[in-house]
Amino acid sequence: MEKVRLGRTELQVTRIGFGGIPIQRVGDDDAMRIIRRVFDLGVNFFDTANGYGTSEERIGRALQDERNSVILATKTPARDRDGALKHLELSLKRLRTDTIDLWQFHNVSNEPSYAEVTGPRGALEAAREALAGGVVKHIGLTSHSMDIALKATASDLFETIQFPFNYVTREAEDALIPLANKHDVGFIGMKPFAGGLLSDARLSIKYVLQWDTVVPDPGIETIADIEGIVDIVNGDRQLTNDERNEIERIRNEVGHRFCRRCGYCLPCPAQIPIPVALNIVSFIRRFPTDHVLSDGFSSVATRAAACLKCGACEARCPYGLPIREMLAENVQAYKDLTA
Ligand code: SF4
Ligand code: SF4
């Protein structure tokens with residue numbers, strides 16, 4: 001597979017990476033098979049996180065004999081030096097390696113977090129020590145906040161930035177990708193399928209690959225997923241006129257005010273699965289009615305109707321969504337469907 005330079009890290013990563021979130025959802029044997037298949041198909045860039053359950057351990061186990069052929073990226077949610085160093089130790093152990101190629105500060109999406117990471121005794125100090133000791137080769141940051149992503153990119157403290165990028169979450173096109181190019185910061189495009197909102201892999205992958213310096217890292221859950229994606233990457237990536245029209249049609253259908261299903265709004269004191277509840281309308285649009293009327297779905301709608309309107313979720317949503325209002329709309333749509 002074609003490789004691309006990941007900014008000033010000088011790492012030569014494959015045109016797409018492997019996003020390590022969904023691999024925690026499958027059984028152990030399947031996980032091994034999937035990761036091996038990803039590797040055999042030529043993908044060399046594996047991105048996981050300390051917080052992704054079994055993901056690091058599975059990637060480490062599946063790729064332990066391929067260490068010199070793969071680029072391993074992981075993340076720490078710690079903001080302080082000591083916490084970050086503990087996470088690093090755990091990541092090294094789980095990934096069965098003595099070096100992390102790219103160590104990222106995970107979801108730094110507000111000013112206090114950024115200040116803590118970059119301040120005295122912050123996580124960046126841990127990274128500098130690890131760099132000096134050769135335990136970490138490169139440092140990056142991931143964020144859902146455009147302001148923080150811009151600040152981090154312009155700071156020259158980080159060699160990569162990871163930010164959501166897909167054809168409905170396009171904010172990075174305007175300033176962030178150009179800024180990353182200017183500062184020679186590698187851009188990793190998270191959520192090329194908008195967290196599962198976009199179902200046509202061809203449109204999603206071809207769209208993000210229009211940017212030469214963007215490396216998407218789609219979450220992979222099945223062998224069929226990766227085989228389909230690799231075919232797209234290795235094929236003609238030029239979007240046809242029909243595909244461009246289809247993208248435009250889907251953009252109009254989805255609109256701007258939508259939940260990216262990142263889950264940062266959780267937990268909810270009323271136990272509402274907010275990322276699912278906010279997508280009831282989208283499910284109604286895209287899935288057979290039988291599925292939407294199933295017990296599982298109906299209980300989501302019932303719980304969403306019991307929102308306490310405390311607003312705690314809205315304070316945590318990096319997209320500033322009016323969650324209470326949107327929940328009410330989704331509950332109403334469900335009621336209309338069942339009326
Ligand atoms: S406003 Fe509703 S959905 Fe949000 S945290 Fe409170 S109870 Fe949960
Ligand atoms: S409401 Fe906001 S924080 Fe919660 S899942 Fe959706 S986009 Fe993420």
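Q: Which residues surround ligand 1?
A: In this predicted model, ligand 1 is surrounded by Cys 268, Pro 269, Ile 272, Ile 274, Cys 307, Leu 308, Lys 309, Cys 310, Gly 311, Cys 313, Arg 324 and Leu 327.

Q: And how do the residues of that shell divide by class?
A: Nine residues of the shell around ligand 1 are nonpolar, one is polar and two are charged.

Q: What about ligand 2: which residues come nearest?
A: Cys 259, Cys 262, Gly 263, Cys 265 and Cys 317 come nearest to ligand 2, out of 14 residues around it.

Q: How many residues of each class are in the shell around ligand 2?
A: The shell around ligand 2 has 11 nonpolar residues, together with one polar and two charged ones.

Q: Turning to pockets, how much space lies in the largest pocket?
A: The largest pocket holds about 1200 Å³ of space. Its lining consists of 41 residues, of which Ile 21, Pro 22, Arg 25, Gly 195 and Gly 219 are the closest to the centre.

Q: Which helix gives the most to that lining?
A: Helix α9 gives the most to the lining of the largest pocket, namely four residues. Both α9 (223-234) and α11 (274-277) supply at least two residues each.

Q: Which domains does the lining of the largest pocket draw on?
A: Domain 1 (3-246) and domain 2 (274-338) each contribute at least three residues to the lining of the largest pocket.

Q: What is the class make-up of the lining there?
A: The lining of the largest pocket comprises 18 nonpolar, 15 polar and eight charged residues.

Q: And what volume does the second largest pocket have?
A: The volume of the second largest pocket is about 240 Å³. Among the 14 residues that line this pocket, Arg 257, Phe 258, Leu 278, Val 281 and Arg 285 are the closest to its centre.

Q: Which elements give two or more residues to its lining?
A: Two or more residues of the lining of the second largest pocket come from each of α10 (241-254), α12 (280-286) and α16 (323-338). By class, this lining has seven nonpolar, three polar and four charged residues.

Q: One more topic: where does Arg 251 lie?
A: Arg 251 lies in helix α10.

Q: Is Arg 251 buried or exposed, and why?
A: Arg 251 counts as buried because its relative accessibility is 14%, and the cut-off for buried is under 20%.

Q: What joins the side chains of Arg 251 and Glu 248?
A: The side chains of Arg 251 and Glu 248 are joined by a polar contact of 2.9 Å.

Terms used. Residues numbered from 1 in each chain as written. Chains lettered and ligands numbered in written order. Predicted model: local features only at pLDDT ≥ 70, side-chain atom pairs only at ≥ 80, totals over all residues. Heavy atoms only, no water. Near = heavy atom within 4 Å. Nonpolar A, V, L, I, M, F, W, Y, C, P; charged D, E, K, R; others polar. 1 Å grid on protein atoms, 1.4 Å probe; cavity = no way out; pocket = protein on both sides within 12 Å on 5 of 7 lines; lining within 4 Å. Points joined across faces, edges and corners; volume = space filled by probe spheres on them. Domains from an automatic or database assignment. Buried < 20%, exposed > 50% of the residue type's maximum accessible area, 1.4 Å probe, protein only. Polar contact = N/O pair within 3.5 Å; in protein donor to acceptor, adjacent residues only side chain to side chain.
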